[in-house]
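Me: Could you go through this structure with me, slowly? I'd like to ask things as they come up.

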Amino acid sequence: MQIAKGFQAGLAATVVLSILMVMKSVMGIMPELDLPKMIAGMMGAPNSPIIGWIVHFMIGTLGYGFAMALIARSTTGKSLVAQGLLLSFIGWLIMMVALMPMAGAGLFGMNMGIMAPMMTLVLHLIFGAVLGWTYGRLLMSQGRTASAH
């Protein structure tokens, strides 16, 4: 299993996602949807968004990176981008039915309106595509054959 490559891909995807999240915030799009602040609040530190950012990077890098390496190992020959998309969709679904209600945003974050689940789905899918694509590129750079498209 290529865990280190999974972590690298997870970090790359998390950086891309984080840039998009910051851009969303700077443009004033859905300011109430501040995931690092939401995570920090769930951890009992609502005034320390850095804690939310750290947890966000840990989940994206370590959690998704490990899961990508694991799922890619068990489904040889499948598109790694498709696997990343599936993984990120599952993560989005867990976020919508467990984490959003725990954070007080309601099921699927509907207390913030329909844009909350839609925006987070798009962001998760971009994350998943970058995760799978990057993991595939890392494997190919190592000389292993992988379907990265």
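What follows is a chat about aromatic pairs and helices in this predicted model.

Me: How many aromatic pairs turn up in the whole structure?
Reply: A search of the whole structure finds three aromatic pairs. One of them is formed by F89 and W92, whose rings are 5.6 Å apart centre to centre with 35° between the planes, and this pair is tilted.

Me: Why does 35° count as tilted?
Reply: Planes under 30 degrees apart count as stacked and those over 60 as edge-to-face, so the rest, including this pair at 35°, are tilted.

Me: Where do F89 and W92 sit in the chain?
Reply: They are both in helix α4, which covers residues 80-102, and because they are three residues apart there, about one helical turn separates them.

Me: Is W92 buried or exposed?
Reply: W92 counts as buried, since its relative accessibility is 8%, whereas F89 is partly exposed with a relative accessible area of 34%.

Me: Which residue does W92 pair with at 5.7 Å?
Reply: That is F108, and the pair is edge-to-face, with 65° between the planes. It links distant parts of the chain, as W92 belongs to helix α4 while F108 lies in the loop between α4 and α5, 16 residues away. F108 is partly exposed, at 26% relative accessible area, and F89, W92 and F108 form one aromatic cluster.

Me: New topic: what span should helix α1 have, and what is it in the model?
Reply: Helix α1 runs over residues 3-26, and at 1.5 Å a residue its 24 residues should span 34 Å, which agrees with its end C-alpha atoms being 34 Å apart. After α1 comes G28, which has a positive phi, near 75°.

Me: Which residues of α1 are buried, and what covers them?
Reply: The buried residues of α1 include K5, G6, A9, L17 and M21, and what covers the buried residues of this helix includes α2, α3 and α5.

Me: At what angle do α3 and α5 pack?
Reply: α3 and α5 pack at about 60°, with their axes 11 Å apart, and they are therefore oblique to each other. The crossing in which α3 passes α5 is right-handed.

Me: Which residues make that contact?
Reply: On the α3 side they are G60, Y64, M68, A69 and A72, and on the α5 side they are H124, F127, L131, G132 and Y135.

How values were computed. Residues numbered from 1 in each chain as written. Predicted model: local features only at pLDDT ≥ 70, side-chain atom pairs only at ≥ 80, totals over all residues. Heavy atoms only, no water. Phe/Tyr/Trp six-rings, centres within 6.5 Å; stacked < 30°, edge-to-face > 60°. Helix = DSSP H or I, 4+ residues; strand = E, 2+ residues; numbered from the N terminus. Buried < 20%, exposed > 50% of the residue type's maximum accessible area, 1.4 Å probe, protein only. Expected span 1.5 Å × (residues − 1). Contact = heavy atoms within 4.5 Å. Axes fitted to C-alpha atoms, helices over the stretch in contact; angles between N-to-C directions. Parallel < 35°, antiparallel > 145°, perpendicular 65-115°, else oblique. Left-handed = near helix turned anticlockwise from the far one by under 90°.
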